[in-house]
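This briefing covers aromatic ring pairs and charges over rings. Please read it alongside the sequence and the model.

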Amino acid sequence: MTDKKIFMLTTTFLLAMPPVITETAAQTCAVPPTCNELGYTQKESDCSGLNMLKCPFDKSAVFCGGENCSYTKTSLPSGCSVADSCSKDGKTYYADSCSICYTGYSLTSSRTCSQTCTYEGTSTSGCADYDSCERGSASGTQTYYYCTKCQSGYYLDFWDNGCTECTNYCNFEQVRTSGPYTDEECAPLGWNYGADSYTCSGTTYYGCRNVGDICWVID
């Protein structure tokens with residue numbers, strides 16, 4: 001092969017090859033923002049009861065806000081004056097456990113309120129002697145009574161812990177002490193009314209009553 005042919009072949013081969021890049025392309029490196037710049041400026045201890053997000057670059061940096069409301073009760077537990085609460089959709093929700101009870105209740109180990117003031121009477125009318133206690137509620141604190149002895153002309157009504165006038169016993173009507181009624185006198189009140197009597201506070205009372213009612217002896 002002549003030198004001329006070798007030159008021509010070499011030239012053809014070089015022209016067919018791609019150009020060689022001798023300079024490395026420039027690279028641009030972006031600096032990521034810090035957790036602080038992204039708004040993760042709080043610690044977990046700042047977020048009790050709140051929604052929380054952790055920074056992807058530093059798990060100790062967090063962002064929190066907006067209450068994480070998991071409570072479901074819309075009213076305080078019975079006898080409870082203070083309990084943990086949160087708001088959701090414009091409503092306040094309360095925890096099942098209580099922090100502080102109203103007067104007349106005691107906080108149990110399970111954080112519920114046990115009623116200690118159990119009296120229900122709201123008046124001492126007709127009472128000769130009575131016990132009392134105070135019980136609170138959202139509307140305030142009220143005193144309740146339990147009559148232990150009634151005045152003359154009253155009897156102890158165990159249903160309301162108070163003293164009721166003898167003349168109001170067992171729905172008797174046309175009550176008097178001067179003498180018995182007759183069935184004829186009671187008839188205008190209804191076909192089921194009859195004459196009857198009872199003794200209360202040492203006095204015998206006469207009247208008419210519905211014979212279908214059950215009346216307990218009170219004296």
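Which residues does Y169 touch, not counting residues up to four places away in sequence? Y169 touches Y155, Y198, C215, W216, V217 and I218, where contact means heavy atoms within 4.5 Å. The model is predicted, with local features needing pLDDT of at least 70, side-chain atom pairs counting only at pLDDT 80 or more, and totals for chains, interfaces and linings using all residues. Residues are numbered from 1 along each chain as its sequence is written, and side-chain values use heavy atoms, with hydrogens and water left out.

**Aromatic pairs**
- Seven aromatic pairs are found in a search of the whole structure; rings of Phe, Tyr and Trp (its six-membered ring) pair if their centres lie within 6.5 Å, with planes under 30 degrees apart counted as stacked, over 60 as edge-to-face and the rest as tilted.
- The pair of Y155 and Y169 is edge-to-face, because the ring centres are 5.5 Å apart and the planes stand at 90 degrees.
- A cluster linked by ring pairs contains Y155, Y169, F172, Y198 and Y205.

**Setting of Y169**
- Y169 is in the loop between β12 and β13 (strands are DSSP runs of E, at least two residues, numbered from the N terminus).
- With 7% relative accessibility, Y169 counts as buried (under 20% relative accessible area, 1.4 Å probe, protein chains only); Y155 is buried too.
- Y169 and Y198 are 29 residues apart in sequence, and their C-alpha atoms are 8.7 Å apart.

**Charges over rings**
- The charged end of R135 sits over the Y144 ring, 3.9 Å from its centre (the criterion is NZ of Lys or CZ of Arg within 6 Å of the ring centre and within 35 degrees of the ring normal).
- R176 lies over the face of Y181, 3.6 Å from the ring centre.

Terms used: Buried means under 20% relative accessible area, exposed over 50%, partly exposed in between (1.4 Å probe, protein chains only). Helices (H or I, at least four residues) and strands (E, at least two) are DSSP runs, numbered from the N terminus.
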